[in-house]
Amino acid sequence: MELLPNDILEKLEFDKILQIVELKCKGAPGRQMVRKIKPRTEIFILDRLLKEVKEYTLSIEESKHIPMGNYEDVTEELKMLEIEGYVLPIEQILLIKNQLWLVRDLFRFFHPDNQKIYPTIYDIIRPLSFDEGLIESIEKIIDEEGNIRPTASPELVQIRKAMSSKHRELNKLFATTIQNYKNKGWLTDNVESFRNGRRVLSVPAEHKRKIKGIIHDESSTGRTAFIEPDGIININNDLFDLSNEERREIVRILRNLCAKLRPYIPIMRKYQEFLIRMDVIQAKAYLAIQLGADLPKIKDEPKLGFMKSYHPLLLLKNKAERKKTVPFDLVLHGRNRVLMLSGPNAGGKSVSMKAAGLIQMMLQAGMLVPCDPESQFGIFHSFFADIGDQQSLEDDLSTYSSRLKNMKAFIQNADDRSFILIDEFGSGTDPQIGGAIAEAILKELHHKKAFAFVTTHYSNLKVFAFKTPGIVNGAMRFDKDTLSPTYELQVGKPGSSYGFEIANKIGLNKKVIQYAKKKIGKNERAVDQLLIDLQKEKQELEEKLEAAINRQQHLDKLIRNYEQLSGELEVGRKKLKLDIKEWNMQQAARDNKTLEKLVREIKEEKNLEKAKKLAEEARKKRQNNTKEVHDLKEKIYYKESQKLERPIVVGDFVKLKTGGATGKVTRVDKKKVEVEMGMIKIMTHLRDLELVGEPLMIQREKRVKSDIIEQRAKFNSRIDLRGMRRDEALQLLEKYMDEAVMTGVDHIEIVHGKGDGILRKAVKTKLREYPNVASMSHPENNKGGDGVTLVTLD
């Protein structure tokens, strides 16, 4: 992936999208991975990444949340665990346990039903396996609060049992000692304390010599001494020894636990990679839900087919402020590859251009985008952008020089898989020179078949776009009455800058405006309107030409069908006549048997003359039938058949004229031909055969399948009638229904909008005219409700 200039991601604010995704991650490793995301070009990888995010959004929308929780990076812990004999602290073991818990929950989520619902995400976890014994090994040693369980080992059980016994003994003796010295008034009000991990008495300084024992400490004022009485020194010593034994046993237990975990380090690393990947997917999914984003159609070719698309950052900003965001369409048909966008300042040109670049980058980074799912996106292998102030103090370049430097790099590196974004093309220098250079640069980029989205105010560039096939003008719509932008992008006609109108609105002196109008001249002022009129006429002519071509193709198809059916009908009629004659021959044979029986009877009666007469009549009748059958065969199979274009040779496919069977020629012997038909071979006369390119049934099947596949591939099962007049909508619907019936689709979707319901009723009335319509219904409210009619066809 080639990106120019180096700060293009910041220019298009792709870095801000990554910052939003980063905030939605559950762990630091996921956030680190998001910061590395860049647009990709591999269609098969992008398809998988986008499907993963789409499936995760479905799980959220359907309240089947995939259990992805918070986690920590355990890379260092696993690295230390690799060291033989190393003992991880309990806190680090708990981090590993938390990851294992999360992985276990994810494995449990993907039961057979969810494997079918979320197949792409399941493919991530499919190669992995999970051993429940890992968690059990840890939980057997460490409890829910992160403490070593008393039953972690038999030795620890004995140690803690002994410690418990000593504590009871200490408590009993200490209580007796306290009571004794308290009665004597030798203790402070606090009575006891702990010093150096040992239980001691709080004794006023004046009484410290009266109590036998070890002085461990004194207060800062020196008024209190902390004394361990002689009677409990041995018990405290025993507890101290037992405590050391406990620590040594805990270390031994943790060492054994680490030894059990050590062989699983490779799979635990894969678990962390899996969690990081799931973290990035869920972060992208929550962004998609926040944007109302969807998965468009993608093709591995350069293509711009944005429908009802939004600038992602503007959409989030306006949602927070409860403002409406205007969508835009960017669909370049046919050979068109460059959009030349013009219009007034602050009308949304730059925002639309940045939105197109940002949305395309997001899609190629594996993110769902805010657009209609019927949009068609291509894949670009390089992104170039020239946006904003390009002045460079380090390189001693002015804004215009820096822009020309960018243009030089674009021309050198652009190809047919490049997407180029240029804002205010040609500005920064003398308008006449800047416009001419910009036109020359655009011509070169267009020659390289690069795709581009360009904004400008220059009339010469609008004229160049009008004259050049493959470049199309576009405009940001402007309300002439209120002199305010509508932020709607319209492809197909250039826009005006509305400089004089805006100057009037803000109250600029009329003399100043009048002087300016005189300076530019009438011809210059008329260029924009002339371009608009010419573009409109050109578009109308192109639409009419396309409609005429479609009608001619439809007519040619009908003629071919008619000729084929007519020929088949004529042959069928003649074959029917032949069948009747053959039936007559068979009947004559049956009559002949009857006649022969009659002859035998007559012979028995000795009337030979009568028998001869009857036999002669039967013979003549049979000869007549045979002749008629022979003549019909000649007429159907021979006289009306076409002459061979070339002699039949071994390896040709041929067809029997009489029976319609086909086969392959294996031998030719003068007028006789051996033909292989399946498992049998027959010898027939050369005149009974005709050449075919391949067996008729295969040819016919291929042709039918090819026609159906081609029609279905081109057919769009969704039609949008919104904004049309009733008559116009019904006319388009009638043509669409005819194509749907001919294509043989099962379901179609008609979008007519809600409004006052007039168009919806008209659509339903029109649909009732078609016997193929099996049912009509409306989807759920979140998918269009009464504004969409779903049709099932027989």
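**Close-up views of a predicted model**

**View 1. Helix α3 passes helix α12 in a right-handed crossing.** The structure is a predicted model. The axes of α3 (residues 28–35) and α12 (residues 265–291) come within 9 Å and cross at roughly 65°. From α3, the contact uses Pro29, Gly30, Met33 and Val34; α12 supplies Ile276, Asp279 and Val280. By class, five of these residues are nonpolar, one is polar and one is charged.

**View 2. Four strands form an open sheet with mixed pairing.** The strand order is β6-β10-β7-β8. β6 (297–298) and β8 (328–331) are the edge strands, each pairing on one side only. Strand β7 (residues 304–309) runs antiparallel to β8, with three bridges between them. Phe306 has Leu330 of β8 as its bridge partner.

View 3. Lys166 is partly exposed at 22% relative accessible area. Glu169 is also partly exposed, at 38%.

**View 4. A salt bridge joins Arg718 and Glu749.** The N to O distance is 3.4 Å. This pair links distant parts of the chain, 31 residues apart: Arg718 lies in strand β21 (residues 718–720) and Glu749 in strand β22 (residues 747–751). Arg718 is partly exposed, with 22% relative accessibility. Glu749 is partly exposed at 24%.

**View 5. Asp105 and Arg104 form a salt bridge.** Their closest N and O atoms are 3.8 Å apart. Asp105 is partly exposed at 30% relative accessible area, whereas Arg104 is buried at 15%. The whole structure holds 34 salt bridges.

How values were computed: Residues numbered from 1 in each chain as written. Predicted model: local features only at pLDDT ≥ 70, side-chain atom pairs only at ≥ 80, totals over all residues. Heavy atoms only, no water. Axes fitted to C-alpha atoms, helices over the stretch in contact; angles between N-to-C directions. Helix = DSSP H or I, 4+ residues; strand = E, 2+ residues; numbered from the N terminus. Left-handed = near helix turned anticlockwise from the far one by under 90°. Contact = heavy atoms within 4.5 Å. Nonpolar A, V, L, I, M, F, W, Y, C, P; charged D, E, K, R; others polar. Pairing = 2+ DSSP bridges. Salt bridge = Lys/Arg side-chain N within 4 Å of Asp/Glu carboxyl O. Buried < 20%, exposed > 50% of the residue type's maximum accessible area, 1.4 Å probe, protein only.
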